[in-house]
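Q: I would like to learn how to read salt bridges in a model. Please take me through a case.

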Amino acid sequence: MNISFHGVKNTGSYHYTRKSTEMVPAAGGYVLILPKGRHTNIHVELNNKNGNDLDEFRPILEKYPNYHNRTALNFAYDYFEDEKSGKKQSFFIINNQQIALNDENLPVLNKIYKLMKKIAGMDKEELKVENSYVTSPEAKAAFQAYKIYCPEKEFDHILDIAHSRYYAQTGADYLARKLEEELTNFVVNV
């Protein structure tokens with residue numbers, strides 16, 4: 001059994017960059033129009049081993065519950081660009097709920113920023129994933145969006161590489177940089 005010594009376990013991250021607008025077939029004969037942009041998410045199970053990560057995040061997890069695991073955080077950053085107008089949009093999502101960038105949510109996003117920095121800097125040997133987790137319904141739900149964003153890739157392969165230490169840490173690093181950038185822009189422009 002793998003143990004987490006730093007308050008996190010079963011961490012995975014993945015991203016998909018769309019270089020131009022694409023039409024993707026969807027269920028029922030519909031077609032989704034996906035804009036140019038990038039979708040990045042990280043899924044992490046929190047606990048109180050060697051700290052109190054779970055206790056610190058409990059209010060966030062109660063406000064934005066994860067329906068598969070009440071101790072897990074699924075955080076996503078979406079960036080889209082309209083190729084015709086050049087208009088850019090970005091969104092933060094916590095456990096499938098969009099979160100606005102405003103004064104009320106600054107403490108929430110700041111906590112997530114600190115968690116991302118922590119994961120990005122963890123010793124690779126202490127970032128553990130339980131074998132049974134990678135094929136669990138929870139992991140599949142956390143990365144379900146990639147069935148739409150990149151339907152040409154085998155989903156089981158996405159789950160495997162998303163849970164590699166490299167993807168978990170580079171995803172956390174990217175999300176920390178995006179959070180820092182967006183939070184700084186918000187504070188400077190308010």
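A: Start with the rule: a salt bridge is a side-chain nitrogen of Lys or Arg within 4 Å of a carboxyl oxygen of Asp or Glu. Side chains of opposite charge can pair when their charged atoms come close. By this rule, the count here is eight salt bridges. This is a predicted model: local features need pLDDT of at least 70, side-chain atom pairs count only at pLDDT 80 or more, and totals for chains, interfaces and linings use all residues. Residues are numbered from 1 along each chain as its sequence is written, and side-chain values use heavy atoms, with hydrogens and water left out.

Q: What is the distance between the closest N and O atoms of Lys9 and Glu130?

A: The salt bridge between Lys9 and Glu130 has its closest N and O atoms 3.2 Å apart. Lys9 lies in strand 1 (residues 8–18), and Glu130 in the loop between helix 2 (106–121) and helix 3 (131–134).

Q: Is Asp53 buried or exposed?

A: Asp53 is buried, at 8% relative accessibility. The side chain of Asp53 meets that of Lys118 in a salt bridge of 2.5 Å, N to O. Lys118 sits in helix 2 and Asp53 in helix 1 (residues 53–63), 65 residues apart. Lys118 is partly exposed, with a relative accessible area of 28%.

Q: Which residue forms a salt bridge with Glu104?

A: Lys63 does, with the closest N and O atoms 3.3 Å apart. Glu104 is in the loop between strand 7 (97–99) and helix 2, while Lys63 is in helix 1, 41 residues away. Glu104 counts as exposed at 57% relative accessibility. Lys63 is partly exposed at 44%.

Q: How many helices and strands does the protein have?

A: Seven helices and seven strands. From the N terminus, the elements run β-β-β-β-α-β-β-β-α-α-α-α-α-α.

Q: What percentage of the residues count as buried?

A: Of the 190 residues, 45% count as buried. Among contacts with a separation of 6 or more, 69% are between residues 24 or more positions apart.

Key
Helix = DSSP H or I, 4+ residues; strand = E, 2+ residues; numbered from the N terminus. Buried < 20%, exposed > 50% of the residue type's maximum accessible area, 1.4 Å probe, protein only. Contact = heavy atoms within 4.5 Å.
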